[in-house]
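Open the model in your viewer and keep the selection tool at hand. Each stop below says what to select and what is there.

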Amino acid sequence: MSRVQNILVGSVRGALGWVPAQWLPGGTPDPLIGRRGEIGRQAPRVDGEVKVQGLARFSAEVAVADLCYAALVHATITRGRIVHFDTSAAETAPGVVLVVTHHNMPRIASPALIAMSDLTAIGNSNLPILQDDQVHYNGQVVAAVVAETQEQADHAASLVAIEYEAAPAETRFEVAKADARIIPSLLIERNHVSLGRAERELARAPHKVDSVYRTPWQNHNAIELHALTVVWADDDLTVHDTTQMIAAEAATLAKLFGLKREQVRVLSPFVGGGFGGKGFWDHQVVAVAVARMVGRPLRLQLTREGVYRIIGGRSPTEQRVAIGADADGRFTALLHDGWSVMPPYSASPEAYTLGTRAAYRSKSFEILQRHIDLAVVPNTFMRAPGEAVGTFALESAVDELAHALALDPIELRLRNLPDKHPISGVSFSQHAPAKSWADGAARFHWERRNPTPGAQRDGEWRVGMGCGSGSFPYMRMPGAAVRLTVRRDGTASLACSGQEMGMGTATVLAQQVADRLSLPLAAVSIEIGDSALPAAPMAGGSGQTVSIAGAILAAAEKLPIELLRLAGNDSPLAGLRVGETRMSQEGLASAAEPSRHETFASILSRANRDEVSVTASGTPPLEVLKFAMHSTAAIFCELRVSDVTGEVRVDRLLGSFDCGTILNPRTAASQFRGGMIMGLGLALTEETLFDERTGRIMNPTLADYHLPSHMDVPEIDVIWTGIPDPRSPLGARGIGEIGITGVAAAVANAVFNATGKRVRDLPITLDKLL
């Protein structure tokens with residue numbers, strides 16, 4: 001997040017502007033684009049059977065002999081220092097093995113904060129972990145208790161008595177705005193964007209809106225709690241963790257504990273949901289250190305309340321969006337600025353303005369984010385960080401302008417869609433939001449919408465329709481590596497440290513390998529979730545699948561070199577060069593003469609080899625800097641609002657997506673729907689309640705933090721354009737986060753259409769409608 005980074009990124013982009021596209025990754029479209037095979041088929045999940053049979057082992061279920069258990073003690077003040085511990089009652093409680101405080105915790109450095117320039121830096125906080133007497137936020141880990149059972153550890157933790165000396169700390173959003181800071185960059189983009197004279201254009205515009213929108217704190221609530229099982233064997237460390245950054249966690253643990261990288265192994269074959277929250281936090285460091293201290297395997301699983309105390313979530317935001325338009329509804333000014341929380345010890349900027357930059361054409365832009373320092377748990381990335389809340393503000397403002405212009409809100413959007421990036425001027429790699437809108441409107445029967453707010457009723461219910469646009473950037477991360485193996489028995493396997501968090505990663509990887517090698521899907525096996533395998537990137541930013549896809553492509557191009565070397569002079573392939581071959585019919589063939597073909601099994605049998613393997617990494621993701629690459633969504637909502645209670649009932653929800661090639665319609669539809677359900681939570685129910693006097697979260701349970709239930713979720717329809725992106729592997733872009741974007745705005749706009757009441761402060765609860 002530095003000015004130097006801005007200069008470097010700007011320089012690379014400038015240089016790439018002069019490089020012919022065909023010289024870059026994706027310059028020649030992936031040969032699998034458009035080919036009908038396993039990719040694009042509704043293949044069932046390859047891990048489905050083990051999961052439904054209860055055979056999938058998660059990190060808190062690994063059987064280990066002589067296991068002990070840990071529980072954490074959390075600070076109850078906002079900021080200050082620990083004056084005195086009384087651990088005597090805890091130490092003498094039944095089953096207690098050890099009580100750990102900053103007095104006896106080993107000296108360990110703080111992890112480096114997550115950084116785009118260093119993919120091994122993965123800390124969500126860089127505060128000291130049980131290293132001193134300082135308290136930085138309410139909920140911080142201040143002690144740990146180890147016992148023979150989890151119940152004994154939990155009980156003993158409750159017996160630790162702590163005397164504090166409190167210090168002044170700011171926990172009030174509104175007050176802290178005065179001291180907000182401006183960071184130079186948001187991820188790899190400049191923070192401040194100024195194009196034209198937007199304030200002047202806004203003042204001159206014949207039609208304009210200028211409003212403030214607010215979104216609340218939100219917490220992570222993955223169904224699987226954060227947990228790890230730690231085993232030391234001399235100086236070799238094995239960690240079974242629920243994490244979405246396996247390889248990077250292994251590297252970080254090695255650094256923190258003074259080990260060689262090969263001495264650390266992180267295993268995480270199954271994760272019960274991550275959404276950005278299953279990163280690197282204090283509890284992992286505490287568990288590894290304490291397990292070493294007691295000399296026994298140890299398990300630490302956070303309670304649900306513990307997740308709220310030390311695992312950050314989505315920052316609150318206050319956003320101003322102002323749009324000026326001419327008489328035809330074409331934008332002349334687009335301003336988006338505001339505040340969010342990011343303490344200096346955290347790394348997530350909640351970049352709610354990033355999506356705005358590519359969403360619409362405008363004569364002028366003024367975009368800026370300010371960050372507030374509060375004494376609270378460090379916020380972190382949460383599904384579509386920034387875009388989820390940014391699209392609420394932007395798309396609500398667009399709807400307000402459409403109403404002021406007496407123009408259909410879809411028509412207003414279509415009039416302002418860009419044909420190139422509105423700010424940088426670079427070409428889109430592929431961009432079909434107009435088709436998404438047309439397809440979605442037809443499928444949803446948008447023509448039935450009554451444009452007059454409050455005009456449609458059904459008894460006590462007011463009925464309305466609304467829409468909103470969503471977006472999420474394409475991300476292919478550097479450094480992804482895989483090992484691709486073919487065997488004499490005609491099977492193949494792919495190995496990498498990738499994460500399976502329920503989104504179908506293993507399934508779509510198997511489909512890719514099958515098509516790359518021209519094998520049946522049943523002949524392909526996938527090995528992931530182990531840091532001992534070639535390093536895959538973290539599962540985040542909707543970038544894991546396409547990042548690994550780039551590595552698979554590289555490995556599939558490398559494999560024929562080894563196969564031709566093994567084939568020898570007796571093969572039908574003799575004399576062919578690598579560039580003259582292609583994978584075909586479970587083997588290798590001449591591209592010009594397909595009859596010159598030999599199966600993998602035949603090649604390996606003649607060479608008396610059981611298998612042949614290649615390891616390869618994907619090419620640098622330069623296409624990200626050459627082109628504007630974004631997935632987009634058109635979200636439609638129909639709902640009812642009760643005149644009697646003010647409650648909102650969503651009846652229909654449709655998402656129309658433009659995300660490149662859809663690798664597996666079955667798993668993709670699940671991802672889209674899951675994101676849209678989280679969007680309903682953002683719109684209607686979810687809110688973390690802070691006591692601003694103490695900075696303490698007041699609703700750290702699923703009884704008090706309201707997630708959408710089955711009764712809250714309507715029929716959800718999803719469709720997509722399926723147009724491949726010629727600049728990405730397989731023509732695909734990420735789909736894990738696009739589903740949540742635009743949903744909150746669609747709901748809020750439908751509420752306005754139903755009631756005439758404009759709600760600009762999420763969540764939309766009944767008290768705001770009565």
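Start with the second largest pocket, which holds about 700 Å³ of space. A pocket here is an open set of points on a 1 Å grid over the protein atoms alone, with protein on both sides within 12 Å along at least five of seven lines. Grid points are joined across faces, edges and corners, and a volume is the space filled by probe spheres set on the points. Select D30, P31, R516, L553 and E557: of the 31 residues in the lining, these are the closest to the centre of the second largest pocket. A lining residue has an atom within 4 Å of a point.

This is a predicted model, in which local features need pLDDT of at least 70 and side-chain atom pairs count only at pLDDT 80 or more, while totals for chains, interfaces and linings use all residues. Residues are numbered from 1 along each chain as its sequence is written, and side-chain values use heavy atoms, with hydrogens and water left out.

Next, colour the elements around the second largest pocket. α14 (505-517), α15 (544-567) and β23 (581-584) each supply at least two residues of its lining. α15 gives the most, with six residues. Helices (H or I, at least four residues) and strands (E, at least two) are DSSP runs, numbered from the N terminus. By class, the lining of this pocket has 13 nonpolar, nine polar and nine charged residues. Ala, Val, Leu, Ile, Met, Phe, Trp, Tyr, Cys and Pro count as nonpolar, Asp, Glu, Lys and Arg as charged, and the others, Gly among them, as polar.

**The sheet with β23**

Stay with β23 and show its sheet. In what order do the three strands of this open sheet lie? The order is β23-β24-β25, and the pairing is antiparallel. β23 and β25 (597-599) are the edge strands, each with a single partner, so one side of each has no neighbour in the sheet. From one strand to the next, the twist averages 25 degrees. Strands of a sheet pair through backbone hydrogen bonds, either parallel or antiparallel.

Now select β23 together with β24 (residues 587-590): four bridges join them in the antiparallel sense. Two strands count as paired if DSSP finds at least two bridges between them. S584 has G587 in β24 as its bridge partner. In the loop between β23 and β24, select E586. Its phi is near 65 degrees, a positive value in a residue other than glycine. Most residues other than glycine have a negative phi, and most peptide bonds are trans. E586 counts as partly exposed because its relative accessibility is 37%; buried means under 20% relative accessible area, exposed over 50%, and partly exposed in between (1.4 Å probe, protein chains only).

Bring α15 back into view. α15 lies across β23 and β24, at about 100 degrees to β23. Axes are lines fitted to C-alpha atoms, for helices over the stretch in contact (heavy atoms within 4.5 Å), and angles run from 0 to 180 degrees between N-to-C directions.

**Strand β1**

Move to β1 (residues 68-74). Is β1 mostly covered or mostly open? Six of its seven residues are buried. β1 runs parallel to β14 (residues 298-301), with three bridges between them, and C68 stands opposite L298 in β14. With β5 (residues 141-147), β1 is antiparallel, over six bridges; L72 has A144 in β5 as its bridge partner.

In the loop between α2 (48-52) and β1, select D66. D66 has a positive phi of about 60 degrees although it is not a glycine. D66 counts as partly exposed, at 48% relative accessibility.

**The cavities**

A cavity is a set of points where a 1.4 Å probe fits but cannot get out. The structure holds five cavities of 30 Å³ or more. The largest cavity has a volume of about 150 Å³. Select A359, S469, G470, S471 and T632, which lie nearest its centre among its 17 lining residues. Its lining divides into eight nonpolar, eight polar and one charged.

The second largest cavity holds about 50 Å³ of space. Its lining includes I82, H102, P128 and V142.

**Last stop**

Select L762 and P763: the peptide bond from L762 to P763 is cis, with omega near -5 degrees. P763 lies in the segment after α19 (743-755).
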